[in-house]
Amino acid sequence: MSDAAITIGAGAGDAIEAGSRVRDFVQLLKPRVMSLVVFSGFAGLMAAPGQLHPVLAAVAILCIAVGSGAAGAINMWYDRDIDAIMARTRGRPIPMGRVDPDEAVSFGIVLAIGSVMLMGLAVNWLAAGLLATAIAFYVFVYTIWLKRRTPQNIVIGGAAGAFPPVIGWAAVTGNISLAPIALFLLVFMWTPPHFWALALYRAGDYAKAGIPMLPVVAGSRATKRQMLIYTVLLLPLALAPWLLGVAGAFYACAAALLGGLFVVAAVRVWYDSSERAARQMFAYSILYLFLLFTLLILDRTPGLWNGGAA
Amino acid sequence: MTVPSAQGIPAADAGDLRRRRQRARNWALLAILVALVALIYVIAIVRMGGG
């Protein structure tokens with residue numbers, strides 16, 4: 001019997017005995033995280049100058065999605081002990097005993113190798129290399145090394161989630177310039193306030209699992225200060241695509257407005273002693289990135305208001 | 001005779017559930033393999049066409 005079944009108990013053992021469902025394997029891919037990853041990858045692909053055959057573009061997006069899912073599955077395998085402790089994660093397939101940990105990690109490794117190889121063979125090897133780096137960064141740097149050791153876990157580990165727009169860009173152009181680096185920095189700077197907003201109202205959960213998230217280690221006041229600093233720094237960074245000629249004036253105005261609202265959300269969190277503002281900021285942070293990349297995509301869509309900048 | 005398991009599900013039903021889930025997984029794997037073959041075929045055609 002697997003170690004998960006031993007720690008989780010007889011009920012979980014029965015679940016493994018009954019075998020996992022296809023739906024359980026889909027859950028291992030973290031579909032909600034995948035949606036944002038795919039979207040940011042698509043934005044990078046759209047923002048890049050040049051042409052990529054639609055079939056190859058679809059393959060690039062598929063590879064980004066599968067690579068992201070693979071990293072998620074390996075993360076769930078490694079974190080199965082702490083996932084079983086936290087309320088937010090205890091319903092995942094491994095702690096629930098619906099998927100055997102060995103099957104989960106095998107599934108993740110096969111998908112990771114498959115997505116990188118397919119990206120390399122179908123699109124180009126720079127994009128494949130970046131995808132491999134993103135997966136390795138998420139698994140080894142964030143999950144295994146940083147997550148349980150330092151409150152800066154999501155600051156440094158956030159780089160893994162910042163790769164998709166760069167991968168999308170590299171898929172089209174075959175190189176990396178200043179613009180995809182700006183998109184990388186945008187997601188990189190967005191990640192800490194996004195996760196700390198969640199950590200503020202889940203601090204008890206993280207403390208119970210022994211994860212040194214900033215609110216657990218430094219307290220809510222210090223976390224709120226950091227969130228405010230990151231959102232203020234993010235404000236000019238979101239304008240970088242316009243300054244670099246990748247997006248037009250409409251994007252710039254909307255990005256400034258959305259960034260301003262993000263700062264307002266952080267200020268509200270600063271003054272709010274309850275969880276309400278943090279919950280709202282977490283929800284808004286997701287909307288912020290979706291809207292920002294939507295604007296970038298629309299701005300680059302030929303025939304729309306800008307007809308594709310640059 | 002059916003023997004109850006730890007969750008109170010008769011062993012025969014548990015075996016049937018296991019077989020059904022295994023069959024569903026097999027079909028999903030077949031669908032993925034067929035989709036992969038089709039995808040690689042399409043990619044090869046596009047790449048050979050200069051895409």
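I'm working on a predicted model, so local features need pLDDT of at least 70 and side-chain atom pairs count only at pLDDT 80 or more, while totals for chains, interfaces and linings use all residues. Residues are numbered from 1 along each chain as its sequence is written, and chains are lettered from A, ligands numbered from 1, in the order in which they are written.

**Entry: A:Val187**

I began with the contacts of A:Val187. Leaving aside neighbours within four places in sequence, A:Val187 touches A:Ser40, A:Gly161, A:Ala162 and A:Pro165. I placed A:Val187 in helix α11 (residues 178-201) of chain A; helices here are DSSP runs of H or I with at least four residues, strands are runs of E with at least two, and both are numbered from the N terminus. Is A:Val187 buried or exposed? A:Val187 is buried, because 28 other C-beta atoms lie within 10 Å. For burial I use 20 or more other C-beta atoms within 10 Å of a residue's own as buried, 12 or fewer as exposed, and anything in between as partly exposed, with C-beta atoms placed from the backbone. I also checked A:Phe163, which is 24 residues away along the chain from A:Val187, and got 8.5 Å between the two C-alpha atoms.

**Entry: α10(A)**

α10(A) is mostly covered, with 14 of its 15 residues buried. After α10(A) comes A:Gly174, with a positive phi near 80°.

A:Ser40 sent me to α4(A), where A:Ser40 is among the buried residues. α4(A) has 17 residues and reaches 24 Å end to end by C-alpha, close to the 24 Å expected at 1.5 Å a residue. I noted the other buried residues of α4(A), including A:Val37, A:Phe39, A:Phe42 and A:Met46. The buried residues of α4(A) pack against α5 (54-78), α10, α11, α15 (240-243) and α17 (276-300) of chain A.

In the loop between α3 (22-28) and α4 of chain A I looked at A:Lys30. A:Lys30 has a positive phi of about 50° although it is not a glycine. Most residues other than glycine have a negative phi. A:Lys30 counts as partly exposed because it has 18 other C-beta atoms within 10 Å.

**Entry: the two domains of chain A**

The domain assignment gives domain 1 (1-176) and domain 2 (178-310) in chain A; such bounds come from an automatic or database assignment. Their C-alpha centres lie 22 Å apart. I get 28 residues of domain 1 in contact with 31 residues of domain 2. Which elements give two or more residues to the side of domain 1 that touches domain 2? They are α4 (31-47), α9 (153-157) and α10 of chain A. α4(A) gives the most to that side, with eight residues. The residues on that side of domain 1 divide into 20 nonpolar, five polar and three charged. My classes: Ala, Val, Leu, Ile, Met, Phe, Trp, Tyr, Cys and Pro are nonpolar, Asp, Glu, Lys and Arg are charged, and the others, Gly among them, are polar.

**Entry: A:Arg148**

I found A:Arg148 in the loop between α8 (125-146) and α9 of chain A. With 15 C-beta neighbours inside 10 Å, A:Arg148 is partly exposed. Not counting residues up to four places away in sequence, A:Arg148 touches A:Gly210 and A:Ile211. A:Arg148 and A:Ile82 are 66 residues apart in sequence and 9.9 Å apart C-alpha to C-alpha.

**Entry: both chains overall**

Chain A comes to 17 helices and zero strands. I count 54% of its 310 residues as buried. Its C-alpha trace spans about 60 × 50 × 30 Å along the principal axes. Among contacts in chain A between residues at least 6 apart in sequence, 73% join residues at least 24 apart. Chain B has one helix and zero strands, and 4% of its 51 residues count as buried.

Conventions. Contact = placed C-beta atoms within 7 Å. Expected span 1.5 Å × (residues − 1).
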